[in-house]
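Biologist: Could you walk me through this one before I set anything up?

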Amino acid sequence: MAHNRFFWGAVLWTVLLTVACLMTADSFQDLERFSIPYKDKYVHFTFYFVFTLLWVFSLKPFYGNTYKVRFSVFAVAVLYGGLIEVCQGLFTVSRGADITDVLANTTGSAMAVLMLWRLNKK
């Protein structure tokens, strides 16, 4: 895996996602000037869409682009997203666990899996 650029991209993305989700909410005050409804849900969707793509592509050279790989990465993404939300509720002061964030994470990951499935069919 040392030569797999997708693996290192997936690791880096996972670290950045974790740090961003566990930072204080005050760190994101600059985003408040954009008046887009539910903008944080779009961010969660995008985080987990990219998370899923990177992990599937990083595992593809070893296991192929199989249903099992895509489903496994999806399951890990859902569990990881839920764990991050629990950690937000337990270990941060200005952030809280939010079930709609878990739903946005799951939707982002599911859309990545569906896109990969469609591309694999062609």
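Modeller: What follows covers the fold, then helix 1. This is a predicted model, in which local features need pLDDT of at least 70, side-chain atom pairs count only at pLDDT 80 or more, and totals for chains, interfaces and linings use all residues. Residues are numbered from 1 along each chain as its sequence is written, and side-chain values use heavy atoms, with hydrogens and water left out.

Biologist: How many helices and strands are there?

Modeller: The protein has four helices and zero strands, taken as DSSP runs numbered from the N terminus (helices are H or I, at least four residues; strands are E, at least two).

Biologist: Which residues of helix 1 are buried?

Modeller: In helix 1, Phe 7, Ala 10, Thr 14, Leu 17, Thr 18, Ala 20 and Cys 21 are buried, where buried is under 20% relative accessible area, exposed over 50% and partly exposed in between (1.4 Å probe, protein chains only). Seen down the axis of helix 1, these buried residues fall within an arc of 165 degrees, so they line one face of the helix; the arc is that of the directions from the helix axis to the C-beta atoms.

Biologist: And what covers them?

Modeller: The cover includes helix 2 (39-63) and helix 3 (67-91), whereas the face turned away from the buried side carries the exposed residues Arg 5 and Leu 12.

Biologist: Switching topic, where is Leu 114 found?

Modeller: Leu 114 is in helix 4 (residues 99-121), and is partly exposed, with a relative accessible area of 46%. Leu 114 and Arg 70 are 44 residues apart in sequence, yet 9.2 Å apart in space, C-alpha to C-alpha.

How values were computed: Contact = heavy atoms within 4.5 Å.
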